[in-house]
Amino acid sequence: MSHPPGLDLDQLRAHLDRERPGLVGGPLSGRLIEGGRSNLTYEVSDGSAKWVVRRPPLGHVLATAHDMKREHRVIAGLYPTAVPVPEPLLLCEDESVLGAPFYVMEFVEGTPYRTAAELAPLGPERTRAAVLGLVDTLVDLHAVDPAQVGLADFGRPEGFLDRQLRRWGKQLDASRNRELAGIDELQAALGRTLPSSPAPTIVHGDYRLDNVLIRRDDAVGADRIRAVLDWEMSTLGDPLTDLGLLVMYSARLELPDSPISTTASAPGHPSPGELVERYAARSGRDVSAVSWYTAFAWFKLAVILEGIHYRYTLGQTVGAGFDRIGELVPVFIEHGLTTLQDLQEG
């Protein structure tokens, strides 16, 4: 039996047998689904049932128990609600089992659609319904009362936007090794036009189509979001930051062969304006400042991409497409400036 990196299947089986007797019915096999600098995700099976194990990346030197505990906590809080999440089965903070804290959750069948090409086989009608369903699920998330699901102290909503802007500004400063026209202007303009946040909600932090699993429900003849994944950036804060990010990911980048893709060019994909209108109608929230939140999303992604480019120039990041990331950053800055200009002129 081969053990995937970071997952000792014998140790895992022994722990599950102790903590959840009868859950596992045979020898475990496993494979790494996702890896890298983010948390690691494994599919584990005993030959008849499947589960998912999440743990921090290998060699991570920071205290990571908090990360796993937070992810498990938000999923456990949301599981009884209308928000589709995998059933959480076990949290282990004992690092002697796998070398790091981890948690186990239900395996959910479904597809994370990452590109327009992956969406295209669904056809225009199914694509449109799937993306609108993404908005509806976001409304359901933002309708959850954090106190009712044990998450009243899950974050610090006061001053959330100001803290977020400063945090990403610090990230930018840590990656500076070239001139980036307009990025300081964008950051300053965002700071000058900071909107007043609505009442805080649970915020996903990275809400987009490829962070949900979609599967056809033949009984009703429709595609359903079966699970929202990747809660590592979740907190309590301004719900419109999730909407702004979703709007940004729904814009047409028109960058052929770009390593950064959106699904916006798929036939039937709703426009950003349609997504905003649906969110406003279903949530009842004032979305008049959505351009600010979208511009902030462009800024945030520009900073993330610049960080990747910076690590690439130091030889710390290898792989297809990384050599082209640097040329994309100015495109994201320009989109941010244009979006903010629309807000100021509106």
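Strands β3 and β5 (residues 102-106) pair in the antiparallel sense over four bridges; strands are DSSP runs of E with at least two residues, helices are runs of H or I with at least four, and both are numbered from the N terminus. Two strands count as paired if DSSP finds at least two bridges between them. Within this pairing, Val53 has Val104 of β5 as its bridge partner.

The model is predicted, and local features need pLDDT of at least 70, side-chain atom pairs count only at pLDDT 80 or more, and totals for chains, interfaces and linings use all residues. Residues are numbered from 1 along each chain as its sequence is written, and side-chain values use heavy atoms, with hydrogens and water left out.

β3 also pairs with strand β2 (residues 40-45), in the antiparallel sense and over six bridges. Ser45 stands opposite Lys50 of β3. The hairpin of β2 and β3 has four residues between the strands, and Gly47 takes a positive phi near 100° there. Because five of the six residues of β3 (residues 50-55) are buried, this strand is largely enclosed by the rest of the structure. Buried means under 20% relative accessible area, exposed over 50%, and partly exposed in between (1.4 Å probe, protein chains only).

Elsewhere, Thr263 lies in the loop between α8 (240-249) and α9 (272-283). Thr263 counts as buried because its relative accessibility is 8%. Leaving aside neighbours within four places in sequence, the residues in contact with Thr263 (heavy atoms within 4.5 Å) include Tyr113, Arg114, Leu209, Tyr249 and His269. The side chains of Thr263 and His269 are joined by a polar contact of 3.1 Å. Such a contact is a pair of N or O atoms within 3.5 Å; within protein, one must be able to donate a hydrogen and the other to accept it, and residues adjacent in sequence count only if both atoms are side-chain atoms.
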